[in-house]
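Here is a friendly look at how some chains meet. Please keep the structure in view while you read.

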4 protein chains.
Amino acid sequence: MEDVQSGPAPVALPIDSVGIRGLEVPLVVKDRACGVQHTVAVVDIGVELPAAFRGTHMSRFVQALESRTEEFDLAALKRLLEDVKTRLQARRARISFRFPYFVRKAAPATGSLGTISYLCRLTGDLGEGTPCLLLEVAVPVMTVCPCSKAISREGAHSQRATVRLAARLRGFCWIEDFVEIAEASASSPVYSLLKREDEKFVTEDAFSRPTFVEDVARNVAGRMLKLQQVEGFRVEVESCESIHAHNAFARIEHRFSPVNS
Amino acid sequence: MEDVQSGPAPVALPIDSVGIRGLEVPLVVKDRACGVQHTVAVVDIGVELPAAFRGTHMSRFVQALESRTEEFDLAALKRLLEDVKTRLQARRARISFRFPYFVRKAAPATGSLGTISYLCRLTGDLGEGTPCLLLEVAVPVMTVCPCSKAISREGAHSQRATVRLAARLRGFCWIEDFVEIAEASASSPVYSLLKREDEKFVTEDAFSRPTFVEDVARNVAGRMLKLQQVEGFRVEVESCESIHAHNAFARIEHRFSPVNS
Amino acid sequence: MEDVQSGPAPVALPIDSVGIRGLEVPLVVKDRACGVQHTVAVVDIGVELPAAFRGTHMSRFVQALESRTEEFDLAALKRLLEDVKTRLQARRARISFRFPYFVRKAAPATGSLGTISYLCRLTGDLGEGTPCLLLEVAVPVMTVCPCSKAISREGAHSQRATVRLAARLRGFCWIEDFVEIAEASASSPVYSLLKREDEKFVTEDAFSRPTFVEDVARNVAGRMLKLQQVEGFRVEVESCESIHAHNAFARIEHRFSPVNS
Amino acid sequence: MEDVQSGPAPVALPIDSVGIRGLEVPLVVKDRACGVQHTVAVVDIGVELPAAFRGTHMSRFVQALESRTEEFDLAALKRLLEDVKTRLQARRARISFRFPYFVRKAAPATGSLGTISYLCRLTGDLGEGTPCLLLEVAVPVMTVCPCSKAISREGAHSQRATVRLAARLRGFCWIEDFVEIAEASASSPVYSLLKREDEKFVTEDAFSRPTFVEDVARNVAGRMLKLQQVEGFRVEVESCESIHAHNAFARIEHRFSPVNS
């Protein structure tokens, strides 16, 4: 049967990345509290294609994914990158897994336990040498507006905001490390389960620490700069302003270049 | 050229609705303040298909849309429904236009003008007799939590919420009528442009009228029940709780059955 | 501490449904091939609220979810509905779980195994008496256009389409039952892993069975009418027409009324 | 009234970009065929904030937008960037407008006219000197698989794909220029309105020019390299494979660095 893909390219240009997107798979990931946890991931995989070849072989990406051993961590991602490079005879491979990561969190007053999820993405990029690893975590938080609080006779507008942290790793980090940094940097963490005593605590705590999106971004950046395992990072805070229909955002980057998936 | 669609259906069942979805077109709609306004709409059109015919003729939907005269209102929608029924020789036609509607709104203290948009959908359903008309408007508002306010030493969590109003019309209503009902029913309207004096006003005003999603839904329903032009309605309020990563919602229906698009 | 929610409602109207939306949780569901499988779900829960009470107690929804025993099936959903009704002292409760369901599928020629996911939603509604159960499954399929094939010298446009099946259950059904019905009703199933021999098979098989969206909807409906466990259903087919930027759809309903979440 | 934003930042780090996102406004843009056209845009605006200041003044972004004169083109974008820099006393400003752009297109056989929309984004970034301008256009096209065609006895799978072109401009380009490049690079353009004769033409034309995502990306890149007004570009092609539930993609970049919004 003819292998059309291996034929010559009509336009002889190299392709930076070619592959598949949006494949959903079950995933078992490392969990700081419980050893492992079960989740699901959406996977993107791509490879470089030299100018000489017309097409890549898309089914091999899926075969590489299917032949994974179950547990997923940085080491498993590196092995998968090597495997994809070999199967596709490629000089460079990039893989990303996007998945919700679950944490059981205790409410601040009653200690009631509630499960909350954080959307994460782990991306690996392997050319020659050691792979480049990027961890992204989205952490919902609460912000109380310092301006609204200072100028109003009573109250202050507050809202849900999202801290999106992306970090190039030089060593191992727990997703929980990033979650804790984001939550400590805003007016308050958010929770799935809050009893009345907890709601009182969260409200008063948040109002004692009003933060602009600028404050949250800087607080996160200040903490990230101290993490040995992080080579460079980008933090973006976006708040669903409760007095507007549009959002506010602030972004700080430090020695950061994005990885295309 | 063979007309495959007009051939017999292999399985002789009538089809409730068949048509096209997601066609984007420019739209000129009636505007209470300015006469008309320009916006864009995503259009869905469908017709009933009897058991005897294999397929409908999809291109005729687009032709009907293309032959519209520019200005769009209830009368134009009715004419379009008739036109689609005729072109498709159908017993029943349904059309919906989903579009942002723009309003210039004055800030409450300084009167500064800012443009804000409300996502609307106007649906018409025409079988025998008079068409059934459904107007849907999504209105972003602000809610301050009454419980958080009552139990906390200071402050109260607030958030952006969306009021989604759907009403079966028996007469003409302005989109602005629904917007005003939704905004009067929450802790505060939201605005695009707020100077510092306005932000103080909005904060204090919102904190003087704390509302649960249940309160907002009931306030809207109470006002809708008095509108002569409305035959039945559904109101749904969904708030992006600032202390949680999930949302809260409340829904009230009154003599309401949804129209499928 | 004051219980503001239990106070009187300023506007004394009953609320059809009030609750939480968008809470993400890990889920273990029954699997026809493997016994059980791990996935994640987004959960919505709501209860009726009488005119006399101002608010519901949102934290109890989360507590009910947290106290679930691990495995999820129709029986577990019924127990959860009872539990929510009791905790909230409500006359009626509705719960829905939306989750990807994974199936390992063999390619048609080589038998290569690839994992594919189907987005499902299981909704329960419990007032007095027995609960009402609704299963929804979205199945991606391939359609080849019969008209394009009949009139063209060569080829025919094909595209990915989605069959969305919603059925009110009176007995147990496997998700796989619905998947098989949808796949048998289109021009071809889709697969995650196809080697060259498989791609040849799928292409030729699909071109031997060209289908309009109308054909697929009728084929599905004809098969659903024979299922004893199904009381009523709605099937909707939407195809991403490869010759257009908009979609085509067809819908058939049989003894079906939607459940609001 | 206190100006909290102008106070000192608790953590003295500069912020790369701070501003607003998701503000929807009506927009009048240049149109090659008709002079101007009315559409709607979603706007993001951000400025750099030095380490010394705690916060930016968000309302000034909206004021700048509100004081625009109606017609929008590259010159108007440059004036707006200057205006934002001045109002915010910022060293650097970035603004992006995302909007559907409408084109009336003649069907290839009958010449029937149908309106089709292309999602565009125009971004300007102004520090010292001349602004950096980025135009992005998403063009839906049709691809017929060369491998499927070569190995199958009959037919070949085809699908809708999207060409996403992003180009750094050194001179004026029409959106239509990018649309034409994308459409000429795939198996066939897509249309809103196709009569039977047109459907025959499109099918046969597409089957005479089968293309992989790799081919489309290279064809586009080859054409973009010849455009004098383009300094650098990125082309990404993503196809909704009709034999899979996941997508295939290919990307080529040439002297391209993304602009963050």
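Contact here means heavy atoms within 4.5 Å. This is a predicted model, in which local features need pLDDT of at least 70 and side-chain atom pairs count only at pLDDT 80 or more, while totals for chains, interfaces and linings use all residues. Residues are numbered from 1 along each chain as its sequence is written, chains are lettered from A and ligands numbered from 1 in the order in which they are written, and side-chain values use heavy atoms, with hydrogens and water left out.

Let us begin with one residue. Beyond its neighbours within four places in sequence, C:Ser117 is in contact with A:Glu24, C:Pro100, C:Tyr101 and C:Phe102.

Now to the interface of chain C and chain B. Here 57 residues of chain C are in contact with 58 residues of chain B. The buried area (accessible area, 1.4 Å probe, that two parts lose on being put together, summed over both) is summarised below, with the carbon and sulfur share.

| Interface item | Value |
|---|---|
| Area buried between chain C and chain B | about 4400 Å² |
| Part given by carbon and sulfur atoms | 55% |

In chain C, C:Arg21, C:Arg218 and C:Phe249 lose the most area to chain B, together 20% of what that side buries.
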